Amino acid sequence: MRRTTDPGNPNNIQVGDIYEDCSFHPVLCTAVDEVAGVVLSGISLIDGTYPRSCDALHCGPVRIRIEDVMAIKQDLHGYARHRKEELRIGDGS
């Protein structure tokens, strides 16, 4: 059962979830450190790098579906370009 949303972790990402980090890698969350803010750590599902860490509030990680990981892996650079454009449009830039 998921707990209520933490303002420091607005997407309520927990261990075992897959999220998009600030480098647009799909990451399997392996730890949530809530001592000084909420820091998510995990392993990239693109190249296996770890630990990949993001601030849950300031980096804006979002949960992604396992079905999307293979498509992202096929063209990480294209995916990153697309996501940057989406974020730019969302910011009104």
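In this predicted model, the largest nonpolar core has 9 residues: I18, F24, I46, I64, V69, I72, L76, Y79 and A80. Two helices, α1 (66–74) and α2 (76–91), each supply at least two residues of this core. The largest share, 3 residues, comes from α2.

**Cores**

- V69, a member of the largest core, touches I18, P26 and L45, leaving aside residues up to four places away in sequence.
- Another core lies apart from the largest one and has 7 residues, among them I13, V27, C29 and V38.

**Helix α2**

- Helix α2 has 16 residues and reaches 22 Å from its first C-alpha to its last, close to the 22 Å expected at 1.5 Å a residue.
- Its buried residues are L76, G78, Y79, A80 and R83.
- Among these, L76, Y79 and A80 also belong to the largest nonpolar core.
- In an α-helix there are 3.6 residues a turn, so residues three or four places apart point the same way.
- The buried residues of α2 are covered by elements including β1 (18–20), β5 (62–63) and α1.
- G92 follows α2 and has a positive phi, near 80°.

- Strands of a sheet pair through backbone hydrogen bonds, either parallel or antiparallel.
- β1 and β2 run antiparallel and are joined by 3 bridges; in β2, P26 is the bridge partner of E20.
- β2 (residues 26–33) and β3 (residues 39–44) also run antiparallel, with 6 bridges between them.
- Across that pairing, V27 has S44 in β3 as its bridge partner.
- The hairpin of β2 and β3 has 5 residues between the strands, and G37 takes a positive phi near 85° there.
- β3 and β4 pair in the antiparallel sense over 4 bridges, and the bridge partner of L40 in β4 is C54.

- R52 counts as buried because its relative accessible area is 16%, under the 20% cut-off.
- Not counting residues up to four places away in sequence, R52 touches Y19, D21, S23, H25, V27, L40, S41, G42 and S44.
- The side chains of R52 and T49 are joined by a polar contact of 2.9 Å.

**Cysteines**

- The structure holds 0 disulfides.
- C59 is in no disulfide either, and the nearest cysteine sulfur, that of C22, is 3.8 Å away.
- Is C22 buried or partly exposed? With a relative accessible area of 43%, C22 is partly exposed.
- C59 is likewise partly exposed, at 33% relative accessibility.

Note on methods
Residues numbered from 1 in each chain as written. Predicted model: local features only at pLDDT ≥ 70, side-chain atom pairs only at ≥ 80, totals over all residues. Heavy atoms only, no water. Core = buried A, V, L, I, M, F, W, Y, C linked by side-chain atoms within 4.5 Å. Buried < 20%, exposed > 50% of the residue type's maximum accessible area, 1.4 Å probe, protein only. Contact = heavy atoms within 4.5 Å. Polar contact = N/O pair within 3.5 Å; in protein donor to acceptor, adjacent residues only side chain to side chain. Expected span 1.5 Å × (residues − 1). Disulfide = S-S within 2.5 Å. Pairing = 2+ DSSP bridges.
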